[in-house]
There are 2 protein chains.
Amino acid sequence: MTKAGVDAVLAALADPTRRALLDALSARGQASASALAGDLPVSRQAIVKHLAVLEEAGLVSSERAGREVRYTLRSQALDATARWMAGLAADWDRRLATIKRLAEEPD
Amino acid sequence: MTKAGVDAVLAALADPTRRALLDALSARGQASASALAGDLPVSRQAIVKHLAVLEEAGLVSSERAGREVRYTLRSQALDATARWMAGLAADWDRRLATIKRLAEEPD
DNA sequence: ATTACCTGCAACCAAAGAGTTGCACATAAC
DNA sequence: GTTATGTGCAACTCTTTGGTTGCAGGTAAT
């Protein structure tokens with residue numbers, strides 16, 4: 001996953017309303033912005049903006065069906081970001097262990 | 001990891017300057033705000049604020065040493081958040097699979 | 001004792017972002 | 001054809017927040 005991709009996913013997930021939106025979407029499996037607006041205490045327009053951010057980050061995809069647009073979850077981007085994070089944590093541990101070892105080693 | 005904890009970590013990681021700060025800190029292993037200010041193109045005060053956010057999220061810890069304050073990385077919070085994300089991705093997959101199965105099943 | 005360095009607090013600024021309302025347009029339903 | 005529903009665009013408000021500068025106080029170094 002690219003640096004920009006991770007950036008976009010993290011920025012998207014930082015907002016609580018957006019996470020609630022993903023939750024609502026995971027319950028429905030697939031839904032339009034208007035339908036989702038019924039699940040959350042914000043206007044449809046706010047939902048639409050959030051969905052645009054989520055789509056930009058690759059966390060959802062949209063598909064037009066007649067007069068409505070159906071949104072679906074995409075787990076890949078989320079999964080990739082989770083791995084990126086786990087890798088970063090491992091990296092920190094590695095570096096810290098090295099520093100600690102050097103500090104304890106007799107010179 | 002608590003919901004508030006995940007929230008704090010995601011919000012903290014959303015900012016690119018904060019991620020760069022974590023990077024700089026991982027290179028040094030341990031450093032003061034003033035030292036880190038030399039690594040990034042922002043003022044010491046900005047660094048201090050970012051470190052406060054990171055500490056609140058549990059991503060770094062601080063320790064006073066004489067006149068300076070040394071910051072260190074904490075990988076646990078990051079690791080826990082990575083697991084939370086991986087679990088969420090798995091959850092999405094599970095739900096989507098169920099929905100797909102129900103849709104394909106004859107009624 | 002004086003100088004240098006790091007931290008802490010506060011006020012302030014500007015940009016980004018979440019949310020709203022209003023209206024126009026398209027597609028389905030009756 | 002008329003009505004209802006879903007989307008798209010735009011303007012506008014309010015709050016958050018990343019960043020700054022300035023100054024005071026503490027701790028080390030000379």
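Q: How much area do chain B and chain A bury between them?
A: In this predicted model, the two chains meet through 32 residues from chain B and 32 residues from chain A. Carbon and sulfur atoms carry 73% of the buried area. The total that chain B and chain A bury between them is about 2700 Å².

Q: Which element of chain B gives the most to the side that touches chain A?
A: Helix 1 (3-13), helix 2 (16-28), strand 3 (68-73) and helix 5 (75-104) of chain B each supply at least two residues of that side. By class, the side has 20 nonpolar, five polar and seven charged residues. With 15 residues, the element that gives the most is helix 5 of chain B.

Q: How far apart are the closest N and O atoms in the salt bridge of D7(B) with R19(A)?
A: Two salt bridges are found across the interface of chain B and chain A. A salt bridge needs a side-chain nitrogen of Lys or Arg within 4 Å of a carboxyl oxygen of Asp or Glu. D7(B) and R19(A) form a salt bridge, and their closest N and O atoms are apart by 2.5 Å.

Q: Which helix of chain A gives the most to the surface near DNA strand C?
A: In chain A, helix 2 (16-28) and helix 4 (44-56) each supply at least two residues of this surface. With four residues, the helix of chain A that gives the most is helix 4.

Terms used: Residues are numbered from 1 along each chain as its sequence is written. Chains are lettered from A and ligands numbered from 1 in the order in which they are written. This is a predicted model: local features need pLDDT of at least 70, side-chain atom pairs count only at pLDDT 80 or more; totals for chains, interfaces and linings use all residues. Side-chain values use heavy atoms; hydrogens and water are left out. Contact means heavy atoms within 4.5 Å. Buried area is the accessible area (1.4 Å probe) that two parts lose on being put together, summed over both. Ala, Val, Leu, Ile, Met, Phe, Trp, Tyr, Cys and Pro count as nonpolar, Asp, Glu, Lys and Arg as charged, and the others, Gly among them, as polar.
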